[in-house]
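This briefing sets out selected features of the structure shown below, grouped by topic for reference.

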Amino acid sequence: MSDFDTAWINCHLATMAGADPYGAVPDGALAVKDGRIAWVGRRADFSGAAAKTVDAGGAWITPGLIDCHTHLVFAGDRAGEFELRLKGASYEDIAKAGGGIVSTVKATRAASLDELVSAASSRLQQMVSEGVTTVEIKSGYGLETAAELRMLEAATRLGAENNVDVLRTFLGAHALPPEFADDRNGYIDVVCSEMLPAAVEAGLVDAVDAFCETIGFTLGEVARVFDAAKALGLPMKLHAEQLSDSQGTQLAAKYHALSADHLEHLSQDGVAAMAAAGMTAVLLPGAFYFLRETKLPPIEALRAAGVPIAIASDCNPGSSPLVSPLLTMNMACTLFALTPEDALAGMTREAAKALGIAGDAGTLEVGKRADFCLWRISQPAELSYWIGDNPLAQRIKNGT
Ligand code: DI6
Ligand code: FE
């Protein structure tokens, strides 16, 4: 009987754990058993028998990348709105004129489950080809029970068909659907007492999110959604302070949400609330870039308060048509001045915290899922450095 199923040698490890930069172990070894990491450390210290030993050819091994905030499932695109914005219309103007999220809702409602899966598959495969092993996918373009369930079913199928862990977030409170234009309360009623319970009943929900914004939902409306989530025992996340300081973060902190996401307009008060509640900040440089924002999230204040900072693609058709985790890391460095080490942590260890799966993923540590990537690079900073290159040599999911 072998101690391990497979061992990787002739590699350097960026474990993203421990005190050293990148948790680096030069000339390391990594072994897996039953889909979990069973040994990690210096090759010189490695002992035990492996059924199979892989010479990694000097590759760097990192944890599998985790994209912790995406709207990957949707139909159609909004390239026309991109053109309008470049002619002077703002994202908010377009939303108020009945375009924006609502126009993707029309396309998504009209799409079948197969169509949703097939449109999202190519986006997911791009992410996987750059080392993604876990992805969060939100609903929120259905905004009626059947279509929200269909989106969440599509997300579930995408995970199974592409060998990726998918976490599904219910985002019924993403935008007000046109048929409820004069009845905001009525829509929140449906979200809380019909859509969310039906999605939970179908086993399709891992967390609940909402869009707290002037063009989204108010603090009171979000609180109703969070009360419903809490009653069902679901963790919460919030799109907060993206376009204005609506103080959604403080509300999310009261509910001990896992994360608040976007945060360009976050105040010092909001930072303190996040720290006190043990929340993770999810920064989305793709949306900042694509909406040509100029107000930066308060990165120094978040760091000083010890708030973990994750980064994600926010892949969606309106504000961030971004399907590249490596470009997301590059943008986090160039636009938000994260270090390459923080960017990699943001797509691994801290992203796991934002999803509540830190016990299981995000670092190379014994006991965690054997999800990792082998890269043809000479130092880990290269992962954030190249623009449009993909040095992935191999992606290992659950040990194979
Ligand atoms: N904020 C965003 O950036 C995405 N959703 C949200 O609440 C954009 C979604 C879209 O424009 O389709
Ligand atoms: Fe988003």
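## Briefing on the predicted model

Asp 209 is located in strand β8, which spans residues 207-210. The model is a predicted one.

**Asp 209**

- With a relative accessibility of 0%, under the 20% cut-off, Asp 209 counts as buried.
- A polar contact of 2.8 Å joins the side chain of Asp 209 to the side chain of Lys 138.
- Besides Lys 138, the contacts of Asp 209 beyond four places in sequence include Thr 169, Phe 170 and Leu 171. Lys 237, Leu 238 and His 239 are also among them.

**Overall architecture**

- The chain contains 15 helices and 14 strands.
- Its radius of gyration is 21 Å, close to the 21 Å that the globule rule gives for 400 residues, so the chain is as compact as a globular protein of that length.
- Along the principal axes, the C-alpha atoms occupy a box of roughly 70 × 40 × 40 Å.
- Of the 400 residues, 60% count as buried.
- Among contacts in the chain with a separation of 6 or more, 71% are between residues 24 or more positions apart.
- The chain has an accessible surface of about 14,900 Å², and carbon and sulfur atoms account for 52% of that surface.

**Nonpolar cores**

- In soluble globular proteins, nonpolar side chains tend to be buried together.
- The largest nonpolar core holds 103 residues, of which Val 73, Met 274 and Leu 302 touch the most other members.
- The most residues in this core come from helix α6 (residues 184-201), which gives eight.
- Beyond four places in sequence, Leu 302 is in contact with Leu 266, Val 271, Met 274, Ala 281, Leu 283, Val 307 and Ile 309.

**Ligand 1**

- Ligand 1 is surrounded by 14 residues, and the closest are Arg 78, Tyr 91, Tyr 141, His 174 and Ser 319.
- One oxygen atom of ligand 1 is 2.5 Å from a polar side-chain atom of Tyr 91.
- For His 174, a polar side-chain atom is 2.8 Å from a nitrogen atom of ligand 1.
- An N or O atom in the side chain of Asp 314 lies 3.2 Å from an oxygen atom of ligand 1.
- On its own, ligand 1 has 320 Å² of accessible area, and the protein covers 100% of that area.

Notes:
Residues numbered from 1 in each chain as written. Chains lettered and ligands numbered in written order. Predicted model: local features only at pLDDT ≥ 70, side-chain atom pairs only at ≥ 80, totals over all residues. Heavy atoms only, no water. Core = buried A, V, L, I, M, F, W, Y, C linked by side-chain atoms within 4.5 Å. Buried < 20%, exposed > 50% of the residue type's maximum accessible area, 1.4 Å probe, protein only. Helix = DSSP H or I, 4+ residues; strand = E, 2+ residues; numbered from the N terminus. Contact = heavy atoms within 4.5 Å. Near = heavy atom within 4 Å. Polar contact = N/O pair within 3.5 Å; in protein donor to acceptor, adjacent residues only side chain to side chain. Areas by Shrake-Rupley, 256 points an atom, 1.4 Å probe, with all protein chains shown as cover. Rg over C-alpha atoms; globule rule 2.2 N^0.38 Å.
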